[in-house]
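Here is a short briefing on a predicted model. The points run from the fold of one chain to a contact between chains, then to a single residue.

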Amino acid sequence: MTHPTQDALIANRGEAPVLLEARNVVKHFPIRTPQGKQQVQAVDGVSLKVRAGETLGLVGESGCGKSTFGRCLVRLLDVTSGQVFYDGEDITAMSRKDLRKRRMDFQMVFQDPYASLNPRRRAAATVEEPMRTHGLGTDAEIKQKAIELLSVVGFDESFANRYPHEFSGGQRQRLGIARALALQPRLLIADEPVSALDVSIQAQVLNLLADLQDDNKLTYVFIAHDLAVVHHISDRIGVMYLGELVELGESTALYNNPRHPYTEALLSAIPVIDTEAEVRERIVLTGDLPSPINKPPGCAFAARCRYVQDVCIKEKPLLQIQSDGREVACHFPVGT
Amino acid sequence: MSEPLLDVRDLRVSFRTRNGKVAAVDGISFQVGDGEVVGLVGESGSGKSVSMLSVLRLIDNPNCVVEGEVLFKGRDLLTMSDAEMRKIRGDEIAMIFQDPMTALTPVYTAGWHISEQIRAHEKVSKQAAMDRAVQLLDSVGIPNAKERVNSYPHEFSGGMRQRVVIAMALSCSPSLLIADEPTTALDVTIQAQILELLQNLQSEFGSSIVLITHDMGVVSQVSDRVMVMYGGRLVESGPRRDVMRDPLHPYTWGLMGSIPPTDGTRAPRLATIPGAPISATDADRDRCLFAPRCRFASDSCRPTPPLVMHTPGHLDACVLPLVERPERRREALTPVEVTL
């Protein structure tokens, strides 16, 4: 067994160890079309590392592959090629039995709090289930633990016997978080956990996630399409476009000084509340995300990029580390 | 001021339910001037959609009771005959719905949707209506409109579908356009495209727009005036600049504090509004409905505080003394540990 975290540790002396590493993860879905069999290239070679205790945000438009990638990270989907290392172990090569045990360490919070809860199961039973599956303690212990978990996310005992339909959207999302915490994971993958919620409720859930991270030393991979939310919660941000990582960097630096033209456009599209603050230049992208079936040979963003040049259409830019540590996949990074 | 285009007076919408009468809209009054863009903000269940749907008399539910007056160009829409209303709907007042997938019929082409609407209001030939449809698709920025007019809804992306819906709404050059969360289902880059489109079309066609949204940022970007709703009532209303820069109502503060800062700084916690939005079934209505979630609530929040004008056009319904507001607002925007 290889231990890729070791060299990473040496390379980043003084920083927390790498907990999760994706190496060249590819996920293609075969489809039948009138033109014959084709592949939807949902994730096309994404590599990144997540350090223990940090929050990595993944942002991009719908269809950019961020959710598929998130599911590959916990092997809810089997990768087409590439590897995912969790604490040095390749989970893509694990047997189902080993994986099941390992999964105690990494859990997922899903986007839709309506679809991700069993409507016929009471709140307490929903939270108890993972503990029963893994045989964590006696029946009484598990029940006690479930009540504790519910109180962590803000429910008193009177909520324990309610069914999902008796909860509001924000409450359901908190229930989903309690379930994910039941196995005391070290890593949470949260796939659009707040996008279905009202702004005031969204803020409550974001605060809850921040508190849980402080109390439990959790590591988050936070997937969302809203760059303002991602910036708020993340230490580092990865920007995805058409199945590829186009920029990766420290959260505030990336937010204030985007280097990839796509990140720049994504940022400028955030509606800003009119205060005295200076308004940033708005770049309105033309067109939609290209099809992930027949991807263009050059830069995937070339068709919508305002700085496009000939080389962008012919040659695919690779993700490269810039002098300031930012990683950008662009022939002509902004501001250089 | 000359006669407003739309003058809503004490509009009340209630539903008869098993648990008694439930007030979804609880007495709101507002006006929309010619060429004005009004943003209507609030959380889900605040009554913003229901109020505008009832303006168009689109709530087809025998248990729904609509009271008040809705004067459009001086005529009360609520007392009109169905035939008269049908003439106005789609022709003089048009609506854009949130979900562009369900707003279009999947078995008909984009061109059919648009020409059907034109032919419902004007005596023109099918061919002429179809030609207009092509022009409209072109003006909302659909590339290759001549061919796309024959495409079905599923052949368009979400943003393109919303453009088709907008083209439909504009087909009879309405003087009032009601847009119900037109960008909520869209990606942020596509949202920017649609907002820009709406602004361009507004200046081109001169229509008034009522934009319903829960996103303060969107409102700030496009509207001239902002109205904030909570529990079926207006709690604050005023010119955009005043409301955005000097919001008066604690609920408005909460809405603004809930949004992660966009100025490039990172706060460890967000100022949020504790609790959940008030339920329309809540019977205790003779008070400020926001009081249970408001940290400045006191005995004087009962009975219902009236909407009071503070500066020209800027109204709010809160009993806090005006001089204390800036201090209170600073307090409100400082995050505290909130028990859920």
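A residue counts as buried if 20 or more other C-beta atoms lie within 10 Å of its own. With 20 C-beta neighbours inside 10 Å, Asp215(B) is therefore buried. The wider setting follows.

**Chain A: fold and dimensions**
- Chain A has 11 helices and 12 strands.
- Its radius of gyration is 21 Å, close to the 20 Å from the globule rule for 336 residues, so chain A is as compact as a globular protein of that length.
- The C-alpha trace of chain A spans about 65 × 55 × 55 Å along its principal axes.

**Chain A: packing**
- Of the 336 residues in chain A, 48% are buried.
- Among contacts in chain A with a separation of 6 or more, 64% join residues 24 or more positions apart.

**Contact between chains A and B**
- Chain B brings 40 residues to the contact, and chain A brings 39 residues.
- On the side of chain B that touches chain A, the elements giving two or more residues are α7 (188-205), α8 (216-222), α9 (240-245) and α10 (250-257) of chain B.
- α7(B) gives the most to that side, with six residues.
- By class, this side of chain B has 16 polar, 14 nonpolar and 10 charged residues.

**Asp215(B): location**
- Asp215(B) sits in the loop between β8 (208-213) and α8 of chain B.
- Between Asp215(B) and Leu170(B), the C-alpha to C-alpha distance is 24 Å, and the two are 45 residues apart in sequence.

Note on methods. Residues numbered from 1 in each chain as written. Chains lettered and ligands numbered in written order. Predicted model: local features only at pLDDT ≥ 70, side-chain atom pairs only at ≥ 80, totals over all residues. Helix = DSSP H or I, 4+ residues; strand = E, 2+ residues; numbered from the N terminus. Rg over C-alpha atoms; globule rule 2.2 N^0.38 Å. Buried ≥ 20, exposed ≤ 12 C-beta atoms within 10 Å, placed from the backbone. Contact = placed C-beta atoms within 7 Å. Nonpolar A, V, L, I, M, F, W, Y, C, P; charged D, E, K, R; others polar.
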